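Take a moment with the sequence and the model.

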Number of protein chains: 2
Amino acid sequence: MRELQNDLKVKRECVDKALKDFVRITFPEELYRAARHLIDSGGKRLRPILLLLAAEAVNPDIDLTDILPAAVAIELVHNFTLVHDDIMDEDVTRHGIETVHVKWGIPQALIAGDTLYAKAFEVLSYTKTNSENMVKCLRLLAKTCVDICIGQWLDIRFENDKQVSEQEYIEMVENKTAVIYAAAAAMGGILAGAKEEEIRALWDLGIAVGIGFQIRDDILDIITPFEILGKDRGSDLVEGKMTLIVIHALHHGVKLDIKPDITEEGIQEAVQILQNAGSIGYAMTRATELINSGKSKLSILKDSDVKRELLELADYMIEREY
Amino acid sequence: MRELQNDLKVKRECVDKALKDFVRITFPEELYRAARHLIDSGGKRLRPILLLLAAEAVNPDIDLTDILPAAVAIELVHNFTLVHDDIMDEDVTRHGIETVHVKWGIPQALIAGDTLYAKAFEVLSYTKTNSENMVKCLRLLAKTCVDICIGQWLDIRFENDKQVSEQEYIEMVENKTAVIYAAAAAMGGILAGAKEEEIRALWDLGIAVGIGFQIRDDILDIITPFEILGKDRGSDLVEGKMTLIVIHALHHGVKLDIKPDITEEGIQEAVQILQNAGSIGYAMTRATELINSGKSKLSILKDSDVKRELLELADYMIEREY
């Protein structure tokens with residue numbers, strides 16, 4: 001029987017190899033080094049893996065090497081957003097290493113991100129599929145990139161805005177984080193020849209998984225120390241990012257007084273306040289509800305080992321420790 | 001008989017209307033306003049027009065509305081590069097108005113540029129053509145975006161580097177400016193069903209036209225006052241940008257001493273020095289040679305009114321006054 005953790009490892013290695021093959025260090029080498037910086041620093045490759053699993057769940061006989069370029073395209077889009085987001089958020093570390101703009105400079109990081117963006121669409125064009133599917137995937141990926149921009153725009157606009165509602169937050173996260181998961185799952189379905197309603201179900205699963213992932217991320221940001229997370233604990237709080245946790249707290253009269261120069265003890269204290277207000281627990285409950293609702297959509301697919309793995313992957317999104 | 005200037009006007013209006021239709025101001029309105037800021041401030045739309053003319057030169061009966069989305073995609077890519085380049089160069093005005101990052105902020109301009117980038121690929125997917133051509137255009141446009149990034153990377157690296165050779169400069173400009181013209185012409189050919197060698201000739205014309213355009217741009221930057229150009233005269237000199245003019249001057253022992261706080265009189269003096277050294281004339285001669293070489297490639301195409309217009313357009317690139 002297939003094991004999720006083993007399958008994740010095998011697929012991650014496949015994706016890692018393909019990333020190296022498709023984004024080679026050529027002239028001008030330093031540009032490609034900057035573009036590859038975060039990619040090479042690791043990553044769980046959950047988005048491309050979701051694409052591959054979704055395709056297998058629809059058609060167990062699909063040749064994954066045919067559709068690997070589409071999976072790589074998804075990971076490249078994700079990495080382009082990381083590089084540009086780090087510029088905008090002025091973050092200095094990610095995955096425990098320097099961010100691209102800190103190591104190379106802001107103009108250089110901007111170009112490195114733009115290069116990954118272009119590479120994503122170039123690599124997509126190498127997917128082996130019929131041309132109709134290719135056009136569908138192209139349009140889906142492009143629209144997804146527009147949505148990500150909208151999400152990032154709202155994320156910045158919401159900073160330090162204490163009026164943001166839970167619904168507005170969910171809408172922001174849906175765009176910023178979830179659509180790329182949804183696009184991955186849906187593209188896997190398209191490339192495997194799924195029916196319209198199956199593609200829709202995979203999209204919905206992706207949205208649920210993506211929002212769940214982000215809520216879990218927000219939780220981990222405030223409860224996990226640097227050594228495990230690779231970035232400063234509580235960085236969202238310090239940056240004034242709106243998260244489900246903070247929104248819940250604000251709506252329950254909690255006063256958080258966080259200055260940019262807050263100490264580790266100050267963060268500790270803020271976390272305790274959020275814990276006591278039930279805000280962290282509330283966020284976890286909402287994440288679980290979303291994941292369960294997303295999983296229920298998969299009833300449209302035939303039962304199989306791969307489908308079971310997809311459902312496990314959905315759970316993993318909100319259970320992971322980093 | 002068709003008249004180039006009249007045809008340019010008609011096609012520009014078509015492209016302008018399509019740009020409005022494809023990039024609508026929807027939620028979040030301010031993001032789309034930022035994305036549309038430079039587009040709405042005007043522009044000659046030479047790149048999309050080149051695509052349309054190239055298509056007509058290959059197939060006079062082509063329905064231009066079918067391929068208008070591809071032309072719009074080219075203009076969107078161009079505009080995304082303007083927004084990001086202005087951030088990198090810290091330019092405060094373009095087309096006589098504030099740049100996007102000055103009006104909205106750097107993170108916002110970064111996202112506005114990213115949005116145009118995504119929109120370009122989305123709009124490309126609306127082109128009415130067979131799927132094989134679509135994949136060709138997708139790959140070509142994506143590779144072109146990679147090349148533009150390489151060109152911009154080199155442009156920044158060359159700043160204030162007095163060792164840059166003419167060949168390195170041409171290579172930089174080919175990537176930064178010319179490939180998008182080449183892609184436009186080649187895509188027009190592809191969509192009109194051109195043979196491989198015709199597509200190659202159109203590509204070569206585009207490269208020549210693009211480099212010629214950039215050299216003319218460099219000349220105009222130092223000889224044209226703000227009222228006509230819409231940006232500060234001599235801004236390239238002040239930023240330490242390497243241009244064919246400066247490279248020629250440096251190779252002929254000319255000493256240019258330009259500080260960031262240089263006065264209008266100082267610029268005037270520098271221009272006179274470059275004039276006396278024959279550097280401006282040299283740049284113009286090289287541009288003319290390139291354009292003539294590009295035009296000669298078109299001998300592969302059947303003579304027609306449109307072909308004559310293409311040749312006239314090539315000349316216009318280096319004769320224009322702004």
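Through which surface do the copies meet? This is a predicted model, in which local features need pLDDT of at least 70 and side-chain atom pairs count only at pLDDT 80 or more, while totals for chains, interfaces and linings use all residues. Residues are numbered from 1 along each chain as its sequence is written, and chains are lettered from A and ligands numbered from 1 in the order in which they are written. The copies meet through the same surface, because 100% of the interface residues of chain A are also interface residues in chain B.

Now look at that contact. 32 residues of chain A are in contact with 32 residues of chain B (two residues are in contact if their C-beta atoms, placed from the backbone, lie within 7 Å). On the side of chain A that touches chain B, α4 (64–89), α6 (106–124) and α7 (131–158) each supply at least two residues. The largest share comes from α7(A), with 16 residues. Helices here are DSSP runs of H or I with at least four residues, strands are runs of E with at least two, and both are numbered from the N terminus. By class, this side of chain A has 21 nonpolar, five polar and six charged residues. Ala, Val, Leu, Ile, Met, Phe, Trp, Tyr, Cys and Pro count as nonpolar; Asp, Glu, Lys and Arg as charged; the others, Gly among them, as polar.

Next, the symmetry. A rotation of 180° with 0.0 Å of shift along its axis superposes chain A on chain B, with an RMSD of 0.0 Å. That is the relation of a two-fold axis. Copies are superposed by least squares on the C-alpha atoms of residues with pLDDT of at least 70 in both. Of the residues of chain A, A:Ser131 comes closest to the rotation axis, at 2.5 Å (C-alpha).

Turn to chain A itself. The chain has 15 helices and two strands. Its C-alpha trace spans about 55 × 50 × 35 Å along its principal axes. Buried residues make up 51% of its 322 residues (buried means that 20 or more other C-beta atoms, placed from the backbone, lie within 10 Å of the residue's own).

One buried residue is worth a look. A:Ile219 is found in helix α9 (residues 196–223) of chain A. A:Ile219 counts as buried because 21 other C-beta atoms lie within 10 Å. Leaving out residues up to four places away in sequence, A:Ile219 touches A:Ile245, A:Ile280, A:Ala283 and A:Met284.

Definitions and conventions. Buried ≥ 20, exposed ≤ 12 C-beta atoms within 10 Å, placed from the backbone.
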